[in-house]
Amino acid sequence: MQQVLSVPSQLGVLLKAARKEAGISQVKLAERLGISQSRMSHMELNPGSVSLEQLLALFGALGLEIMVGSKNPAKRSTAQAPDAGHPSARHVANQPPAPEW
């Protein structure tokens with residue numbers, strides 16, 4: 001399962017779907033996490049109430065991981081390596097090396 005989360009409300013849907021996909025009830029997941037079933041339900045319905053620590057515990061229990069990346073991969077790759085044809089790149093390339101101290 002891969003899912004992009006952009007707003008908190010998507011987290012509740014993701015948690016419920018991942019739990020159901022894993023075949024785990026709210027009661028069983030809550031037991032694994034050491035919380036009540038009502039708290040588990042509350043986290044699915046109100047994902048804004050979930051702390052980072054709780055989120056990581058939930059994801060661990062569901063076999064999920066968090067990956068962070070740029071929203072626009074094209075901008076990221078451009079920022080990493082300047083275009084050799086760009087005037088500023090030529091300017092830097094034509095400068096003599098800085099003296100070593």
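A residue counts as buried when its relative accessible area is under 20%.

**Figure 1. The whole chain in the predicted model****.** Of the 101 residues in the chain, 21% are buried by this definition. The chain has six helices and zero strands, so its pattern along the sequence reads α-α-α-α-α-α.

**Figure 2. The packing of helix α2 against helix α3****.** Two packed helices are described by the angle between their axes and the distance between the axes. Helix α2 covers residues 26-33 and helix α3 covers residues 37-45. Their axes are 8 Å apart and meet at an angle of about 105°. Angles of 65 to 115 degrees count as roughly perpendicular, and α2 is therefore roughly perpendicular to α3.

**Figure 3. The residues in contact between α2 and α3****.** Helix α2 contributes Q26, V27, L29, A30 and L33. Helix α3 contributes Q37, M40, S41 and E44. By class, five of the residues in this contact are nonpolar, three are polar and one is charged.

**Figure 4. The largest pocket****.** Rolling a probe the size of a water molecule over the atoms shows where empty space is left. The largest pocket has a volume of about 730 Å³. It is lined by 19 residues, and those closest to its centre are Q3, V4, E65, I66 and M67. The lining of the largest pocket consists of eleven nonpolar, six polar and two charged residues.

Terms used:
Residues are numbered from 1 along each chain as its sequence is written. This is a predicted model: local features need pLDDT of at least 70, side-chain atom pairs count only at pLDDT 80 or more; totals for chains, interfaces and linings use all residues. Side-chain values use heavy atoms; hydrogens and water are left out. On a 1 Å grid over the protein atoms alone, a cavity is a set of points where a 1.4 Å probe fits but cannot get out, and a pocket is an open set with protein on both sides within 12 Å along at least five of seven lines; lining residues have an atom within 4 Å of a point. Grid points are joined across faces, edges and corners, and a volume is the space filled by probe spheres set on the points. Ala, Val, Leu, Ile, Met, Phe, Trp, Tyr, Cys and Pro count as nonpolar, Asp, Glu, Lys and Arg as charged, and the others, Gly among them, as polar. Axes are lines fitted to C-alpha atoms, for helices over the stretch in contact, and angles run from 0 to 180 degrees between N-to-C directions. Helices (H or I, at least four residues) and strands (E, at least two) are DSSP runs, numbered from the N terminus. Angles under 35 degrees count as roughly parallel, over 145 as roughly antiparallel, 65 to 115 as roughly perpendicular and the rest as oblique. Contact means heavy atoms within 4.5 Å. Buried means under 20% relative accessible area, exposed over 50%, partly exposed in between (1.4 Å probe, protein chains only).
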